[in-house]
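The following report describes a predicted model.

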Amino acid sequence: MRVIRARLVKVLRLLERRLRGTRDRGAATAEYAVVLVAATAFGTALFKIVTSQEVRNLLLTILKKGLQLGG
């Protein structure tokens with residue numbers, strides 16, 4: 001009876017370790033995917049803002065003022 005119980009405990013511990021490792025790997029992959037989607041959305045929004053006509057005009061104005069001050 002003791003031998004069977006000891007083997008059962010050993011098998012249960014092994015299963016627990018394997019299941020714990022699988023869960024962590026899946027969570028890391030899901031978190032990585034969420035970060036990639038968020039970074040892509042942020043990059044797209046930033047690109048749209050920077051390439052807008054208003055921002056271009058603002059940057060040109062700043063550049064012209066800087067050149068006038070320097071020379």
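In this predicted model, a nonpolar patch on the surface is formed by Leu8, Val11, Leu12 and Leu15, which together have about 370 Å² of accessible area. One of these residues, Leu12, is found in helix H1, which covers residues 2–50. In an α-helix there are 3.6 residues a turn, so residues three or four places apart point the same way.

Two helices and zero strands make up the count of such elements in the protein chain. Of the 71 residues of this chain, 1% count as buried, and the accessible surface of the chain comes to about 7,100 Å², with 68% of that area belonging to carbon and sulfur atoms.

| Helix | Residues |
|---|---|
| H1 | residues 2–50 |
| H2 | residues 53–70 |

Helix H2 is hardly covered, since the count of buried residues among its 18 residues is zero. Its length agrees with expectation, because at 1.5 Å a residue the 18 residues of H2 should span 26 Å, and the C-alpha atoms at its ends are 26 Å apart.

Val55 lies in H2 and, when residues up to four places away in sequence are not counted, touches Ile49 and Val50.

Definitions and conventions
Residues numbered from 1 in each chain as written. Predicted model: local features only at pLDDT ≥ 70, side-chain atom pairs only at ≥ 80, totals over all residues. Heavy atoms only, no water. Patch = residues over 30% accessible without salt bridge, like charges linked within 9 Å, V, L, I, M, F, W, Y side chains within 5 Å. Areas by Shrake-Rupley, 256 points an atom, 1.4 Å probe, with all protein chains shown as cover. Salt bridge = Lys/Arg side-chain N within 4 Å of Asp/Glu carboxyl O. Helix = DSSP H or I, 4+ residues; strand = E, 2+ residues; numbered from the N terminus. Buried < 20%, exposed > 50% of the residue type's maximum accessible area, 1.4 Å probe, protein only. Contact = heavy atoms within 4.5 Å. Expected span 1.5 Å × (residues − 1).
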